[in-house]
Amino acid sequence: MEKPKYHICVCASFRAGGDPKGVCHKKGSSGFLSYIENEILERGLDAQVTSTGCMKACDYGPVMVVYPEGHWYGNVDSETAIDDILDALEGGGPAAQYLIA
Ligand code: FES
């Protein structure tokens, strides 16, 4: 198995019981997964996107994390925000306006 260069984790607010209960889910984070998938393909990025449980940064939701950079982004609530983050990834740096850690 080949590992992707980038791993994009999108908080879908899952709790231990499996239910999505949290800020990110309520703000539509799960709805962005297919948009991110399409952008990855269109941009030719070597990246994989995964939905996750709560990342314990709910105050900043929706939250998205990009590895191996370790960039934590908050308030990722639009396709524009995702575009900005992916543009920055392609450019080799963070999208500073969304960084929370
Ligand atoms: S629900 Fe997304 S960080 Fe908690």
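Two residues are in contact if their C-beta atoms, placed from the backbone, lie within 7 Å. Keep that cut-off at hand for the helix stop below. The model on screen is predicted.

**Stop 1: the whole chain.** Show the C-alpha trace. Along its principal axes the trace spans about 35 × 35 × 20 Å. The chain has 101 residues, and a compact globule of that length would have a radius of gyration near 13 Å; the value here is 13 Å, so the two agree. Of these residues, 34% count as buried. Now consider contacts between residues at least 6 apart in sequence: 55% of them join residues at least 24 apart.

**Stop 2: cartoon view.** Switch to secondary structure. The chain comes to 3 helices and 4 strands. Starting at the N terminus, the elements run β-α-α-β-β-β-α.

**Stop 3: the sheet.** Select the strands. In what order do the 4 strands of the open sheet stand? The order is β2-β1-β3-β4, with mixed pairing. β2 and β4 (71-73) are at the edges and have a single partner strand each, so one side of each lacks a neighbour in the sheet. From one strand to the next, the twist averages 20 degrees.

**Stop 4: the β3 and β4 pair.** Strands of a sheet pair through backbone hydrogen bonds, either parallel or antiparallel. β3 and β4 run antiparallel, joined by 3 bridges. Pick Met-64: its bridge partner in β4 is Tyr-73.

**Stop 5: helix α2.** Select residues 33-43, which make up α2. This helix lies across β1 and β2. Against β2, α2 runs at about 165 degrees.

**Stop 6: the core.** Turn to side chains. The largest nonpolar core holds 25 residues. Which of them touch the most other members? Select Val-10, Val-63, Met-64 and Ile-85. Then colour the core by element: β1 (6-14), β2 (47-53), β3 (64-67) and α3 (79-91) each supply at least two of its residues. The largest share, 5 residues, comes from α3.

**Stop 7: Val-63.** What does Val-63 touch, leaving aside residues up to four places away in sequence? The list is Cys-11, Cys-24, Met-55, Ala-57, Trp-72, Tyr-73, Gly-74 and Val-76.

How values were computed. Residues are numbered from 1 along each chain as its sequence is written. This is a predicted model: local features need pLDDT of at least 70, side-chain atom pairs count only at pLDDT 80 or more; totals for chains, interfaces and linings use all residues. A nonpolar core is a set of buried Ala, Val, Leu, Ile, Met, Phe, Trp, Tyr and Cys residues joined through C-beta atoms within 7 Å. A residue is buried if 20 or more other C-beta atoms lie within 10 Å of its own, exposed if 12 or fewer, and partly exposed in between; C-beta atoms are placed from the backbone. Two strands pair if DSSP finds at least two bridges between them. Axes are lines fitted to C-alpha atoms, for helices over the stretch in contact, and angles run from 0 to 180 degrees between N-to-C directions. The radius of gyration is taken over C-alpha atoms; the globule rule is 2.2 Å times the number of residues to the power 0.38.
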